[in-house]
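I'd like to walk you through one model, a piece at a time, so please have a look at it before I start.

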Amino acid sequence: MPRNNPASLRSAIVAAGDPSSRILVGVDAMATWGELVHGSILENRSVDLRGNSVLLATIDQFRAAAALIELDGLARRVVLFPPDVPREHLPYVARTAEADVLVTDQPEIASMQHGVRHAVLCGRSVVPVNPDRSPEIETEWILLTSGTTGLPKLAVHTLATLAGSAWHKSPASAAIVWSTFYDMRRYGGLHIFLHAALTGTSLVVSSAQEPVADFLARAGAHGVTHISGTPSHWRRALMSPWAGRIAPEYIRMSGEIVDQAILNQVGAQYPQARVEHTFASTEAGVGFYVSDGLMGFAPELLSQNPLVEMKIENGTLKIRSNRAAYRYLGAENPKLKDADGFVDTGDTVELREGRYYFTGRRDGVINVGGFKVHPEEVEAVINRHPRVAMSLVKAKKSPITGALVVADVVLKAPPREDGPTALERDLMQFCRGELAPHMVPAAINIVPTLPIGESGKLVRRA
Amino acid sequence: MDVRSEVVAQFTRVAQDQDKRLAPLTDELSLLDSGLDSLCFAIVVARLETSLGVDPFSDDEDARFPVTFGDFIRFYEHAAK
């Protein structure tokens, strides 16, 4: 019998079985799920946040997890602000999410005005409390995704959409220990966090500041059996002499196009592991799992799960399911679903010899190691350089990060005596001052012209 | 072209461009301790593809990833043959 959807994350954790026998491990803190359910990282102030919209912007994942468990069911809305999103976006996100309160573990963030009523500084550890939390309400969980203009888009989920199938699964055996290279403020990481919470397993979370070797050693020391990451995460792990510190039974890859090389390499390093790759997106939720060890996916997968309807239309994957986000927040944001309730993932596929392969993004978004780059945003910066007439930013395939950003640039006047190399360097330096490192072109080619289509727009595809 | 000196040149240049502190490039140096992150390695591999004309990471789907700087050099020397 499937269990009913519990009201809150706390009750779901309790329903998954004895929460005192499994643990959540952070980089410098750990607690049993039981301590998290019956404790507070917010200095026992969470009840004051009842009905509020809360902007959760901690650096540390353990504290974010503890705060999330505490706030779900109490707050009207919790925004998960990932630590890699520039802080200057905090006021925009706060405004768009109508945030009342900012929760952070950074005193310097707490002391600044971000358009919220007040800020709450997380404690360093979870302390036991027993507040009256009734009645619990359904909290909106807001996930950030990258937008064309450089400002993040805010996708609205609830525990029900994010947990997906996790709470229809019977509780896992205590032997499973999950971990993920992902940050739990991203869909891929949050999915694993909820899976562990709702199926009753332990979980080891990473930290952006932690060297790969330390994370692998920590994951190994806690006996991690199940672990997920992007192909880029896995390539980095395989380059570490500490890759052998973990001996997982199950490995999952998602978030980027998976190629055959990374599947083979991970399989060779961890011959005992079952390796799967999965399609999921912040907006559409989890689509499908591929477990035959091959890149791409069999067309049958599209119709395998009656709860997740998928179709290929005009070469892109569309998904309708109860795991999809409801909508974007903010008046200026586009519709998240079409009239029939399908989310257009924007991911393009090609059918070759009876199997589908992902080929990229229809909107040209470049995925650099899991970071999405909108070419227009990079072009806008290059075009501000005094010597540039126009530019075209595109992807170059990379065996390390999946893709890199490269740019073709047309100059207003032919290169001067300083030669193209000096100018290319100058342009890159210019971009570095304006853009995050993964957005800066890895190569700049000076070209005489760029093709313009009949619509008057740059031709982005050959 | 001498593979080693080209690899050293690209590591040095990318570290400089990306404002990373590069560790002394000995053969025993673990790549992840070199000071370069994944993005830096991706750029190094792209530049070496241009200068040496090979990309051993993409050319062999079953190749094991190099772990030390010495492995990395041999990986390219083997591919450039």
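**A hairpin, some helices and an interface**

Let me begin with a pair of residues: Ala280(A) stands opposite Val286(A), which belongs to strand S16(A). Before going on, please keep in mind that this is a predicted model.

The two strands here are S15, residues 274-281 of chain A, and S16, residues 285-290 of chain A, and they pair in the antiparallel sense over 5 bridges. With 3 residues between them, S15(A) and S16(A) form a hairpin.

Next, helix H3 of chain A, residues 61-71. Is it buried or exposed? Here 11 of the 11 residues of H3(A) are buried, so the helix is largely enclosed by the rest of the structure. The buried residues include Phe62(A), Leu68(A), Ile69(A) and Leu71(A), and Arg63(A) and Glu70(A) are also among them. After H3(A) comes Gly73(A), with a positive phi near 100°.

Now let's turn to a helix pair in chain A. H9, residues 231-238, and H10, residues 260-269, have axes that come within 10 Å and cross at roughly 45°. H9(A) and H10(A) are therefore oblique to each other, and their crossing is left-handed. Which residues meet there? From H9(A) we have Pro231(A), Trp234(A), Arg235(A) and Leu238(A), and they meet Ile262(A), Gln265(A), Val266(A) and Gln269(A) of H10(A). By class, the residues of this contact between H9(A) and H10(A) are 5 nonpolar, 2 polar and 1 charged. If you look at the spacing along these helices, here is a handy reminder: an α-helix has 3.6 residues a turn, so residues three or four places apart point the same way.

In the interface, 26 residues of chain A are in contact with 21 residues of chain B. On the chain A side, the elements giving two or more residues are helix H8 (212-221), H9, H10 and strand S23 (388-398). Which element gives the largest share? That is H10(A), with 5 residues. The side of chain A that touches chain B divides into 14 nonpolar, 9 polar and 3 charged residues.

Last stop, chain B, where helix H1, residues 3-17, packs with two other helices. Take H4(B) to begin with, residues 69-80: the axes of H1(B) and H4(B) come within 10 Å and cross at roughly 130°. H1(B) and H4(B) are therefore oblique to each other, and H1(B) passes H4(B) in a right-handed crossing. Val3(B), Arg4(B) and Val7(B) of H1(B) meet Phe72(B), Ile73(B), Tyr76(B), Glu77(B) and Ala80(B) of H4(B). That contact of H1(B) with H4(B) has 6 nonpolar, no polar and 2 charged residues.

The other partner is H2(B), residues 38-52, which packs with H1(B) at an angle of about 140°, the axes being 10 Å apart. That makes H1(B) oblique to H2(B), and the crossing of H1(B) and H2(B) is right-handed. On the H1(B) side, the contact includes Val3(B), Val7(B), Phe11(B) and Val14(B), while Ile43(B), Val44(B), Arg47(B) and Leu48(B) are among the residues from H2(B). In this contact of H1(B) with H2(B), there are 10 nonpolar, 2 polar and 2 charged residues.

That's my tour, and I'm happy to take questions.

Key: Residues numbered from 1 in each chain as written. Chains lettered and ligands numbered in written order. Predicted model: local features only at pLDDT ≥ 70, side-chain atom pairs only at ≥ 80, totals over all residues. Axes fitted to C-alpha atoms, helices over the stretch in contact; angles between N-to-C directions. Helix = DSSP H or I, 4+ residues; strand = E, 2+ residues; numbered from the N terminus. Parallel < 35°, antiparallel > 145°, perpendicular 65-115°, else oblique. Left-handed = near helix turned anticlockwise from the far one by under 90°. Contact = placed C-beta atoms within 7 Å. Nonpolar A, V, L, I, M, F, W, Y, C, P; charged D, E, K, R; others polar. Pairing = 2+ DSSP bridges. Buried ≥ 20, exposed ≤ 12 C-beta atoms within 10 Å, placed from the backbone.
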